[in-house]
Amino acid sequence: MKKRFIFFKGLIATLDLYTDVFLELFSAQDTECLVIDAAQIDAEMLRLRAFLLEKVTAVISFHNIGMHLEFEDGKNIWDKYGIPFYNIMMDHPFHYKQALDAAPKQMVLLCMDKNHISYVKRFFPNIRQTMFFPHAGIEQTMIRTQGTTLDRFEARPIDVLYAGGLSRYAAEGLIPDLGRIKQFDAFQLVRDALERLIQEPERTTEDVIEQWLQDQKVCYTDKFLGEIITELRFIDCFAASYYREQTIRMLAEHGIKVTVFGAGWERCEWEHPNFMYGGIVPPVTILELMSRSKIVLNTMTWFKRGTHDRVFNGMLARAAVVSDTSEYMSEHFTDGKELHFFSLNKPQDLVQKVQYLLDNPNDAQRIADCGYQAAKEKHLWKNRWEDLYNHLQNTDETNTRKYMNN
């Protein structure tokens with residue numbers, strides 16, 4: 001029987017880009033795929049209802065999109081029809097507590113940091129299945145005119161590119177009424193937790209919050225702790241944003257030109273002639289800009305056992321990548337071979353490594369070439385699709401055997 005899948009598009013351009021890759025790969029396996037426009041969901045319900053007249057293998061979605069759909073009877077569609085809902089979570093699950101608390105029983109949560117799996121198992125006992133599903137990259141094919149190529153390191157016009165927003169401004173909207181929390185001094189917790197994360201950037205936000213409560217002898221249950229972490233999740237954004245801004249500023253003030261794209265940077269309280277802000281551009285444009293950059297700089301979104309797609313997109317654009325590290329990164333790459341690592345709390349090391357790459361284009365080209373080969377072999381979205389497709393195959397075979405034995 002032909003496998004049949006449902007996908008959602010239309011809300012977030014970056015996720016649409018990844019969905020398109022999956023669609024192409026699934027379609028090549030002689031599957032039937034329905035693509036629902038999530039921006040026009042009411043108008044799409046008739047098409048969805050018709051597709052459900054035959055067995056559906058699974059839903060593949062990002063960020064809870066389409067997870068809570070219902071027909072007139074008020075029952076979750078995926079539970080009603082027994083359809084596995086593969087929910088690929090690009091951010092920390094504590095940002096989506098309300099949605100995940102009401103997740104369908106058929107949901108399989110794919111997390112991009114191993115710490116997130118542990119978090120889900122502890123704070124979302126209703127979620128039965130979780131999988132580690134690391135970030136990956138997309139290779140952008142550039143059409144060069146008049147035979148000109150910018151692939152070589154020294155020929156690229158952008159010295160350092162950073163593609164990512166400054167999240168602290170958006171995070172201001174996440175700050176709750178801290179005075180409403182009566183069990184402890186929430187204002188002091190926020191100050192202490194943020195200071196601790198800046199001093200010890202290898203720690204997670206949830207770990208620091210729990211440690212503070214323990215130090216203050218506050219009694220709590222996992223349910224209460226999960227609610228508090230969700231209430232104070234803006235701390236995570238502030239810590240990541242602090243290091244993101246300090247990293248860019250440090251490079252600029254040491255004479256290194258940095259070109260930045262993303263929301264929030266226009267609100268920076270400082271200026272420098274080496275800091276060039278390009279605004280907000282589509283994801284495909286970012287891939288093109290990476291192919292014109294000597295160095296692609298990455299800082300994690302406070303993922304300590306995962307990574308970020310900026311790393312792989314930069315490698316696949318044949319740029320030299322410089323990034324802070326994580327458990328996943330150190331397991332898969334060697335500092336100075338496929339990329340350069342730096343520590344968030346040692347910005348001077350970052351400056352030295354970036355300057356060295358700019359001053360030594362042959363070494364930089366070697367790193368860019370090694371990074372490209374590593375990403376091409378193991379860190380394309382195609383590789384992640386293979387993992388997912390194999391899991392689906394094994395799950396389908398297991399379910400078939402159970403059916404035959406009943």
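Colleague: Why is Arg318 called partly exposed in this model?

Modeller: The model is a predicted one, and in it Arg318 has 30% relative accessibility. Buried would need a value under 20%, and exposed one over 50%, so at 30% Arg318 counts as partly exposed.

Colleague: Why is Asp30 called exposed, then?

Modeller: Exposed means over 50% relative accessible area, and Asp30 comes out at 52%, so it counts as exposed. Asp30 also has a positive phi, about 60 degrees, without being a glycine. You'll find Asp30 in the loop between α1 (13-27) and β2 (32-37).

Colleague: On to α8. Which residues of helix α8 are buried?

Modeller: In α8 (residues 205-215), they are Thr205, Glu206, Val208, Ile209, Glu210, Trp212 and Leu213. To be called buried, a residue has to be under 20% relative accessible area.

Colleague: What covers the buried residues of α8?

Modeller: The cover includes α5 (114-123), α7 (186-199), α9 (222-231) and α10 (234-253). Just after α8, Lys217 takes a positive phi of about 60 degrees.

Colleague: Now the largest pocket. What is its volume?

Modeller: About 1,300 Å³. It is lined by 41 residues, and the closest to its centre are Gly164, Gly165, Arg244, His308 and Arg310. Helices α1, α10, α11 (283-290) and α12 each give the lining at least two residues.

Colleague: How do the residues of that lining divide into nonpolar, polar and charged?

Modeller: There are 22 nonpolar, 13 polar and six charged residues in the lining of the largest pocket.

Colleague: What makes a set of residues a nonpolar core?

Modeller: The residues have to be buried, of the nonpolar kinds such as Ile, Phe and Trp, and joined through side-chain atoms within 4.5 Å. The largest such core here has 116 residues, and Ile6, Phe22, Ile60 and Trp381 have the most contacts inside it. Helix α10 gives this core its largest share, 10 residues. Apart from it lies another core, of 25 residues, among them Ile158, Leu161, Tyr328 and Met329.

Colleague: Which residues does Ile6 touch, leaving out those up to four places away in sequence?

Modeller: Leu34, Ile36, Leu48, Phe51, Leu52, Val56, Ala58, Val59, Ile60 and Trp78.

Conventions. Residues are numbered from 1 along each chain as its sequence is written. This is a predicted model: local features need pLDDT of at least 70, side-chain atom pairs count only at pLDDT 80 or more; totals for chains, interfaces and linings use all residues. Side-chain values use heavy atoms; hydrogens and water are left out. Helices (H or I, at least four residues) and strands (E, at least two) are DSSP runs, numbered from the N terminus. Buried means under 20% relative accessible area, exposed over 50%, partly exposed in between (1.4 Å probe, protein chains only). Contact means heavy atoms within 4.5 Å. On a 1 Å grid over the protein atoms alone, a cavity is a set of points where a 1.4 Å probe fits but cannot get out, and a pocket is an open set with protein on both sides within 12 Å along at least five of seven lines; lining residues have an atom within 4 Å of a point. Grid points are joined across faces, edges and corners, and a volume is the space filled by probe spheres set on the points. Ala, Val, Leu, Ile, Met, Phe, Trp, Tyr, Cys and Pro count as nonpolar, Asp, Glu, Lys and Arg as charged, and the others, Gly among them, as polar.
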